[in-house]
Amino acid sequence: MFDLDFPAARPLTAYGWDEGFAESFLPHAGQGFVPGRVVRVDRGRVDAVVPDGTGVRTVLLDTALVATGDPTRVPCTGDWAVVDLHNGRVGDHLDGVLRALLPRRTAILRSASTKRSEGQVLAANVEHAVVAVSLAEALDLDRVERFVSLVWESGAQPLVALTKADLVADPAALGHLVADASGAAPGVRVLAVSAATGAGVEELTAALAGATAVLLGRSGAGKSTLANALHGADVQDVRAVRDQDGKGRHTTTTRDLLMLPGGGLLIDTPGLRGVGMWDAADGLARTFSDVEELARQCRFHDCAHEAEPDCAVQDAVEYGELATRRLESYRKLQRENQRIVAKTDVRLRAEIRRDWKRKQALGRHMMERKRGSGLG
């Protein structure tokens, strides 16, 4: 009989294994499979940690059995998986097969950087998401709002790290930058961090202790440098940003899950050139809770906050209680989100229709076979 405690999997507790994931694994118990956590994904194969006696080992797995046309359901770093180390076609230095993914508790999704209406999962089963924003350039509050909205939507807790804080020599100026970022992300902790001096690193380490976190941000935001500072060693390759535009060189090319010395796990991700909305209505509502609260005071429930009478939002802008930039960002992200939702709905309806047609064709084929055999 399978025990929810599953003693054989106890070595995975350091990687986040708990009773909830053990319960999800129940349907696969007794079949010779073991649980594993995906620590790296690369070209259709994944590295996963699996229990090995009193410890763990890393195995390379084939993912053909979980291949899907939906990019939001492919294996991602942070996923918990059902691993078969005994059966299936194993070759090319593979150690086994990934049979299935356990249900995700959280998943950070963005609109893929293609013209197709597809989503992309950036990290799975994370409790915290650190949005890294470099102070080596002008603070982009629009980017903060975009990232934080996606994190809130995922179910994870966002945290904004203003990296390279040592480049801002004036403490008062740094305080204003922290305040500005806090205004763009109500209810989110904002830390000024410098991997060079160590400022803020201890606070960030304490905030992430005992949980799984992911680092998000554009190229050049200092994510890999910050990952090294949190780890206390050079575990990630680091290169200087380009002088002419301040952009990074995509030092990190895969999403790697790293164990932190003080407990907890960290997923470092490649720099993101673009982060599109992906059905993030609830996340936007939390990020722009101040605008949403004002909107509830408008005279008309469907107020567009443009030229309508008794618009509380426009009144707040007029009296300096709400920045024009923030309202414009709110409108922009709302429109973008509505477009992707509409496109996704159209695609979903098309897929349902195609599936229905395939089933109709299969039904006709079976009827013809039945008639041909004289059973009809």
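Mentor: Here's a close look at the segment before helix H1 and what it meets. Keep in mind that this is a predicted model, where local features need pLDDT of at least 70, side-chain atom pairs count only at pLDDT 80 or more, and totals for chains, interfaces and linings use all residues. Residues are numbered from 1 along each chain as its sequence is written, and side-chain values use heavy atoms, with hydrogens and water left out.

Start with Gly 16, which sits in the segment before helix H1 (19-25); helices (H or I, at least four residues) and strands (E, at least two) are DSSP runs, numbered from the N terminus. Gly 16 has 28% relative accessibility, so it's partly exposed. That label sits between buried (under 20% relative accessible area) and exposed (over 50%), using a 1.4 Å probe and protein chains only. Gly 16 is 110 residues from Val 126 in sequence, yet their C-alpha atoms are 9.6 Å apart in space.

Now move along to Asp 18, which makes a salt bridge with Arg 105, with 2.7 Å between the closest N and O atoms. Arg 105 lies in the loop between strand E5 (96-101) and strand E6 (107-111), while Asp 18 is in the segment before H1, so the pair ties together parts 87 residues apart in sequence. A salt bridge here means a side-chain nitrogen of Lys or Arg within 4 Å of a carboxyl oxygen of Asp or Glu. Both partners are partly exposed: Asp 18 has a relative accessible area of 28%, and Arg 105 has 44%. By that rule, the count comes to 16 salt bridges.
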